[in-house]
Each structure stands twice: as structure tokens, then as C-alpha cells.
Amino acid sequence: MDVPGFALITGAASGIGQACALAFASEGAAGLALFDLNLEALSNVKLEIENVLAEKGISKHCQIELRAVNVSNEDEVNFTVREVARKFGRLDYVVNAAGIAMKHPGGAAYVETSDWQRILNVNLTGSFFVLRAAARVMLQQNPILSNIDGRPLQRGAIVNIGSIQAVAGIPASTAYSTSKHGILGLTRTASEDYAKDGLRINVICPGYTETPLTSQPEVLKVMKEKVASSVPMQRMGSPREIADGILYLAGGRSSFVTGTALFVDGGYTQR
Ligand SMILES: NC(=O)c1ccc[n+]([C@@H]2O[C@H](COP(=O)([O-])OP(=O)(O)OC[C@H]3O[C@@H](n4cnc5c(N)ncnc54)[C@H](O)[C@@H]3O)[C@@H](O)[C@H]2O)c1
């Protein structure tokens, strides 16, 4: 997938972020900076990566740095992004996978202000903080040429995580859906800012995906009904299927792609 450089992944302790960490390592990334609130779970992900690389007989060393970072804490993000970039010498790919979701019983009329702020702070402002800190590093570094055929410059690639809810409304999802629509806007405007500099910024929009975020019994039950009625493929996606789309958007094979939204949703949004 042409991802030989250094990747920073937020929300890497679980679900899609965890699958991305494994995917980048398996595809030959030189290093991974894994951010999450949960440092213990990150340590398990690191062990899992080391085991998978050993099983696959991949001898290329992958430097793995773990950091407890709350993406909605501006100072923490600024400091830690700079710190890992210094350690690696550069930062080639960023995956903004940290995120939270909740339902608001009764819908928009009954949303608690604190819930609205919490979801927007993590999903939208957190992604912005990481994007901004990473872009400042990436814009200062020399471009790398693609491994494939030396195609034009790739100074860095940032992949944000939207959702089918970046373009569709789903009941009782006021704050989450708003945050994901915002991610689409953030991606589009920032991609315009830096397209000419070889810094590419895209968003992946997963459909219903089996992760701890969706595995609480009451959420899963509603989701399975929704999947049966609204997803043409009639199944949920796996985190690895989302990670594969992210690898494409991060790596050299998408060298002419910026500002785009890639829907990996079993056909949900074409209906
Ligand atoms: N699972 C789905 O069906 C689905 C669908 C569309 C979009 N998404 C999006 O994908 C992303 C990942 O979701 P997932 O399903 O893998 O969820 P998940 O709950 O499995 O993983 C999210 C990770 O983010 C971390 N996190 C939460 N708040 C954080 C913070 N403030 N700072 C740092 N880390 C934090 C959590 O500790 C967790 O490890 C989210 O943005 C989510 O909205 C998920």
C-alpha cells in the first residue's frame, strides 16, 4: 500500500484505530505513534502488532511509541505531536480515529449541553487539534517520493474519520451527526489550503462497523435491524475493511487524491 514512513494514529487502543495500527505495521511502516486515553490497552496493541509481525515473518523493524493523549486537550496534543515527530524525524501519515458516540433520547429537543460539548470536543475539535499540530510538522518537512514509480511529492497525508452521518441524519444523533458533518467541512477546507504543497487531507466515512463502539447489546440490536433494512450488503463492516480504505488514502497510491470522502459503507449512502 506504499506506506513506508511514520504514522500517527489516535484512538489506536480500540476498533478502527487499532486495526489501522496493525495494518500500517503489516504494510511496512517505519514507525507508529499510537495515541489514546487508555495506555494499558495501547500496550496490548503494541504486543499484538509485535506478535503479528513475528508470525508473518516480517523482519523490518517498526518503531512503536505509545502516548496517553486526550485529543480534546490542545496543549497535550501540540506537545505530544511535536515530541513524536522529533523522535521519528518526520511524520508521514496521520489517522484521526479517536471518537465517541451517544444517542440523545427524545432527539434534538432534549440534548444536554454538556453532551453536545463533549461529543463536539472529542470528534471535531480533537480532530482539528491533531490535524493542525501535524500539518505544522508536515509543512516543514521534505517530501518523499512514492515507492511505486517515483510519482510527485508526498509531504504528508492526513486521514480524518467521518461516518455515513457526515452526509446523512440518523435519529437521536444530534451531536454525533453534527460533529461528523463538521469533519467533512474541516477536511475540505484544509485540503484546499495545502493541496499545492503536497499535503493531502481526506476523510473516510465508514458505515456500520463492528467495534467496541457499536457492540453494547442495545446499540448492536438497533444496528442489526438498520443493517438488514438499509445496507445493500446486509452486513456490518469489519475494522480491517475500514483500515484498508485508510491505508489507500494515506499511502502513495492515492497521490492525486485530496479533499475527498471515501465511503466504506456496504452501499448505504448510494441509496
Ligand atoms: N464503529 C462504527 O460503526 C463507526 C462508523 C462510522 C464512524 N466511526 C468512527 O470511527 C472512529 C473510531 O470508532 P471505533 O468504532 O473504532 O470506536 P472505539 O470505541 O472502538 O475506539 C475509539 C477509541 O478512541 C479513544 N478515545 C475516545 N476519546 C478519546 C480522546 N478524547 N482522546 C484520545 N482517545 C480517545 C477510545 O479510548 C477508543 O480507544 C470514531 O471517530 C467513530 O465515530 C465508527
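By class, the shell around the ligand holds 15 nonpolar, 15 polar and one charged residues. Here Ala, Val, Leu, Ile, Met, Phe, Trp, Tyr, Cys and Pro count as nonpolar, Asp, Glu, Lys and Arg as charged, and the others, Gly among them, as polar. The structure is a predicted model, in which local features need pLDDT of at least 70 and side-chain atom pairs count only at pLDDT 80 or more, whereas totals for chains, interfaces and linings use all residues. Residues are numbered from 1 along each chain as its sequence is written.

**Ligand shell**

Of the 31 residues around the ligand, the nearest are Gly11, Gly15, Gly99, Thr211 and Leu213. A residue is near a molecule if its C-beta atom, placed from the backbone, lies within 6 Å of it. Helices (H or I, at least four residues) and strands (E, at least two) are DSSP runs, numbered from the N terminus.

**Overall architecture**

The protein chain has seven helices and seven strands. From the N terminus on, the order of its elements is β-α-β-α-β-α-β-α-β-α-β-α-α-β. The radius of gyration of the protein chain is 18 Å, close to the 18 Å that the globule rule gives for 271 residues, so the chain is as compact as a globular protein of that length. This radius is taken over C-alpha atoms, and the globule rule is 2.2 Å times the number of residues to the power 0.38. The C-alpha trace spans about 50 × 40 × 35 Å along its principal axes. Of the 271 residues in the protein chain, 44% are buried. Among contacts with a separation of 6 or more, 77% join residues 24 or more positions apart; two residues are in contact if their C-beta atoms, placed from the backbone, lie within 7 Å.

**Packing of H1 and H2**

Two packed helices are described by the angle between their axes and the distance between the axes. H1 and helix H2 (residues 39-55) pack at about 35°, with their axes 10 Å apart. Axes are lines fitted to C-alpha atoms, for helices over the stretch in contact, and angles run from 0 to 180 degrees between N-to-C directions. On the H1 side, Gln18, Ala21, Leu22, Ala25 and Ser26 meet Val45, Glu48, Ile49, Val52 and Leu53 of H2. The residues of this contact divide into seven nonpolar, two polar and one charged.

Val52 illustrates the contact: not counting residues up to four places away in sequence, Val52 touches Leu22 and Ser26. Val52 and Leu22 are 30 residues apart in sequence and 8.0 Å apart in space, C-alpha to C-alpha.

**Individual residues**

The table gives the burial of selected residues. A residue is buried if 20 or more other C-beta atoms lie within 10 Å of its own, exposed if 12 or fewer, and partly exposed in between, with C-beta atoms placed from the backbone.

| Residue | Class | Other C-beta atoms within 10 Å |
|---|---|---|
| Asp2 | buried | 20 |
| Val52 | partly exposed | 13 |
| Lys60 | exposed | 10 |
| Gln234 | exposed | 11 |

Most residues other than glycine have a negative phi. Asp2, in the segment before strand S1 (6-10), has a positive phi of about 60° although it is not a glycine. Gln234, in the loop between helix H6 (217-230) and helix H7 (239-250), has a positive phi near 55°. Lys60 lies in the loop between H2 and strand S3 (63-68). Lys60 and Ala228 are 168 residues apart in sequence and 43 Å apart in space, C-alpha to C-alpha.
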